[in-house]
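Hi everyone, thanks for coming. Let me walk you through a structure that may be new to you.

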Amino acid sequence: MSKLEYLVYQNSSKLNDSEIRVIQFILNNAKACKGLSLTELARKLYVSRSAIFRLCKHLGLSGYGELKFILNEMVQEQEQSEENKVLTNNFGSDLIKETENLVKNFQSLNLDPFFTDLSKAEHKYIYSTGWIQQMLSDYLSHELLLFGISSIVLPAAVSELEMVGKIAEKGDMLFIISYTGDNKEINDELGKFETVNNKLRYVSFTDLKQNKLASLSDYNFYYPTVKFSSSNDVSFILAYTLVDFIINKFGIWQKEKSDKNGK
């Protein structure tokens, strides 16, 4: 279930018959609708611009811009699924293999610079590019809080990134959790930050090792995904495992630093 479908499910009681027909058309024609302006979509559906805006509000969205952003993410996820039609036949063995790869890669990392910047950052922001990644954002925020690190989880809208770019202070840290790391709209926005506000430290979490987001980041972590045997969907369980590895090691780093300072 995509984030947009989830929002429709959660807020179905707020939608009238006309709004249900509109959102059904959008869901069934996502690729065609994602590039339409508010006026173009209203004309295509023979409804008013305000009717579509009210629909966005009933779904809990800030406006049509956020609807387009979520719709674009849904289309990207669908296209990614189409590219991954070759399915594994043994989920268990693939999971074990990827877990071993994750452990080996993690053990090779020098995390001292990252932990130092994390502990010094006055503000930590967490941004995600999809519904599943949003849940991972919430998990990361919760795990950081266990060790006294508070963070701000941002809604999945480019306007939220723009806001951070304007208010960020020197040393602040922005976590970006993505699937491919190749969302052009987001990467372009991060590129703008470098010209107007280069105070942020970027930390990326992506599935693919070679991607634009990783190249823009000060620190990047790769989480492998494992395909389910009977569908095009993938499991993000190792992304959560990676977060646990990082938080566990951060706790050890904190204690060692505290013990050293106490001597």
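**Cavities and cores**

We count three cavities of 30 Å³ or more. On a 1 Å grid over the protein atoms alone, a cavity is a set of points where a 1.4 Å probe fits but cannot get out, and lining residues have an atom within 4 Å of a point. Points are joined across faces, edges and corners, and a volume is the space filled by probe spheres set on them.

A quick caution: this is a predicted model, where local features need pLDDT of at least 70, side-chain atom pairs count only at pLDDT 80 or more, and totals for chains, interfaces and linings use all residues. Residues are numbered from 1 along each chain as its sequence is written, and side-chain values use heavy atoms, without hydrogens and water.

The largest cavity holds about 70 Å³ of space. Which helix gives the largest share of its lining? That is H6, with five residues. Helices here are DSSP runs (H or I, at least four residues), and strands are too (E, at least two), numbered from the N terminus.

Now to the largest nonpolar core, which has 33 residues, with Phe114, Phe175 and Phe205 making the most contacts inside it. Such a core joins buried Ala, Val, Leu, Ile, Met, Phe, Trp, Tyr and Cys residues through side-chain atoms within 4.5 Å; buried means under 20% relative accessible area (1.4 Å probe, protein chains only). Helix H13 supplies the largest share of this core, eight residues. A second, separate core of 25 residues includes Ile70 and Met74, and both of these also line the largest cavity.

Terms used: Buried < 20%, exposed > 50% of the residue type's maximum accessible area, 1.4 Å probe, protein only. 1 Å grid on protein atoms, 1.4 Å probe; cavity = no way out; pocket = protein on both sides within 12 Å on 5 of 7 lines; lining within 4 Å.
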